[in-house]
Amino acid sequence: MSKFNFTPTAIPEVILIEPKRFEDNRGFFIEMYNKREFAEVGINEDFVQDNFSFSHKGVIRGLHFSTKPHETVKLVRCSKGEIMDVAVDVRPNSQTFGKWVSEILSNENNKMFIIPRGFATGFCVLSESAEVSYKVTDYYFPESEVGIIYNDPDLAIEWGVENPVLSEKDKKLPSLKDWFKL
C-alpha cells in the first residue's frame, strides 16, 4: 500500500504529491519521501541537496530555473505556513511552453510538488510567514541560475498579492519573450 498519492497536473510532468497521514492519540506521522515509492511512479531522481527558506507574507521568490548542464528537478514542500507554488514550462519545443500550473502547499495539507527540468518555479507566501524546503538534483551553480519576471503579462500568473516583496535580483529578471528571444 502506497504512502503517497501522485497526481499529474494540467501539465502532466508537474506532479502533485500528497503523503498519507497516519494519526492516533499521540498525533500523526507522515512519510515525506520514499525513493522506492517515487521510482514506482517514474520519479527516479537522485536528490543531492536539501534547501530551506523562511519568508514573510507577500514575498515572491522566483520564477527561477537552472540551465544546462545544471538543470535541476525540485521536490518542494511547505513545512510551516502556506504558499502558492508555481511551475512554468520553459521548454521551447514543448506543447505547453509558457503555460503554468500552481498549487497551494501548506503544513496543513502536506502537499508537495515535483518540478521537473525545464520548468521555472516560484512561490508566494500567503500566510504571515512560511518555511519552505526543497530537494534538488544538482548542487547550486550561480552561473546556471536564471529566471523569468514574476509579473510577465504573457504568463498572467495570478499571485494573489498586490505589492509583493522581491529580491533586487528578482525585480530585474527578463520576460519569457526576452529570455527566449521570441
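**Figure 1. Ala156 in the loop between β13 and α2.** Ala156 sits in the loop between β13 and α2 of this predicted model. Its phi is positive, about 50°, although Ala156 is not a glycine. Most residues other than glycine have a negative phi. The relative accessible area of Ala156 is 45%, and the residue is partly exposed.

**Figure 2. Asn110 in the loop between β9 and β10.** Asn110 belongs to the loop between β9 and β10 (112-115). This residue, too, is not a glycine and has a positive phi, near 60°. With a relative accessibility of 8%, Asn110 counts as buried.

**Figure 3. The whole protein chain, for orientation.** Three helices and 13 strands make up the secondary structure elements of the protein chain. Its radius of gyration is 16 Å, close to the 16 Å from the globule rule for 182 residues, so the chain is as compact as a globular protein of that length. The C-alpha trace spans about 55 × 35 × 30 Å along its principal axes. Of the 182 residues, 48% count as buried. Among contacts between residues at least 6 apart in sequence, 77% join residues at least 24 apart. The protein chain exposes about 9900 Å², and carbon and sulfur atoms supply 50% of this area.

**Figure 4. The cis peptide bond between Gly62 and Leu63.** Gly62 and Leu63 are joined by a cis peptide bond, with omega about 10°. Leu63 is placed in strand β6.

**Figure 5. The cis peptide bond between Lys68 and Pro69.** From Lys68 to Pro69 the peptide bond is cis, and omega is near 5°. Pro69 lies in the loop between β6 and β7 (74-80). Most peptide bonds are trans.

**Figure 6. Phe65 and its contacts.** Phe65 is part of strand β6. The residue is buried, with a relative accessible area of 9%. Not counting residues up to four places away in sequence, Phe65 touches Val90, Phe119, Ala120, Ser144, Glu145, Val146, Gly147, Ile148, Trp179 and Phe180. The C-alpha atoms of Phe65 and Val146 are 5.6 Å apart, while the two residues are 81 residues apart along the chain.

Figure 7. Ser129 lies in strand β12. Its relative accessible area is 19%, and Ser129 is buried; buried means under 20%. Leaving out residues up to four places away in sequence, Ser129 touches Phe54, Ser55, His56, Lys57, Lys80, Gly81 and Glu82.

**Figure 8. The salt bridge between Lys57 and Glu128.** Lys57 forms a salt bridge with Glu128, and the closest N and O atoms are 3.8 Å apart. Lys57 is in the loop between β5 (49-56) and β6 (60-66) and Glu128 in the loop between β11 (119-125) and β12 (129-136), so the pair ties together parts that are 71 residues apart in sequence. Lys57 is partly exposed, at 46% relative accessible area, whereas Glu128 is exposed, at 61%.

**Figure 9. The salt bridge between Glu13 and Arg91.** The side chains of Glu13 and Arg91 meet in a salt bridge, 3.4 Å from N to O. Because Glu13 lies in the loop between β1 (4-8) and β2 (15-19) and Arg91 in the loop between β8 (82-89) and β9 (100-106), the pair ties together parts that are 78 residues apart in sequence. Glu13 is partly exposed, with a relative accessible area of 35%. Arg91 also counts as partly exposed, at 24% relative accessibility.

**Figure 10. The salt bridge between Lys169 and Glu145.** Lys169 and Glu145 meet through their side chains in a salt bridge of 2.9 Å, N to O. Lys169 lies in helix α2 (residues 168-171) and Glu145 in strand β13 (residues 145-147), so the pair ties together parts that are 24 residues apart in sequence. Lys169 counts as partly exposed at 45% relative accessibility, and Glu145 counts as partly exposed at 22%. Glu145 is also one of the residues that Phe65 touches.

Figure 11. Side chains of opposite charge can pair when their charged atoms come close. The protein chain has 22 positive and 28 negative side chains, and the centres of the two sets lie 2 Å apart. The count of salt bridges comes to 13. A network of salt bridges links Lys3, Glu31 and Glu37.

Methods. Residues are numbered from 1 along each chain as its sequence is written. This is a predicted model: local features need pLDDT of at least 70, side-chain atom pairs count only at pLDDT 80 or more; totals for chains, interfaces and linings use all residues. Side-chain values use heavy atoms; hydrogens and water are left out. Helices (H or I, at least four residues) and strands (E, at least two) are DSSP runs, numbered from the N terminus. The radius of gyration is taken over C-alpha atoms; the globule rule is 2.2 Å times the number of residues to the power 0.38. Buried means under 20% relative accessible area, exposed over 50%, partly exposed in between (1.4 Å probe, protein chains only). Contact means heavy atoms within 4.5 Å. Accessible areas come from the Shrake-Rupley method with a 1.4 Å probe; for residues, only the protein chains shown count as cover. Lys and Arg count as positive and Asp and Glu as negative; His and the chain ends are not counted. The place of a charge is taken as NZ of Lys, CZ of Arg, CG of Asp or CD of Glu. A salt bridge is a side-chain nitrogen of Lys or Arg within 4 Å of a carboxyl oxygen of Asp or Glu.
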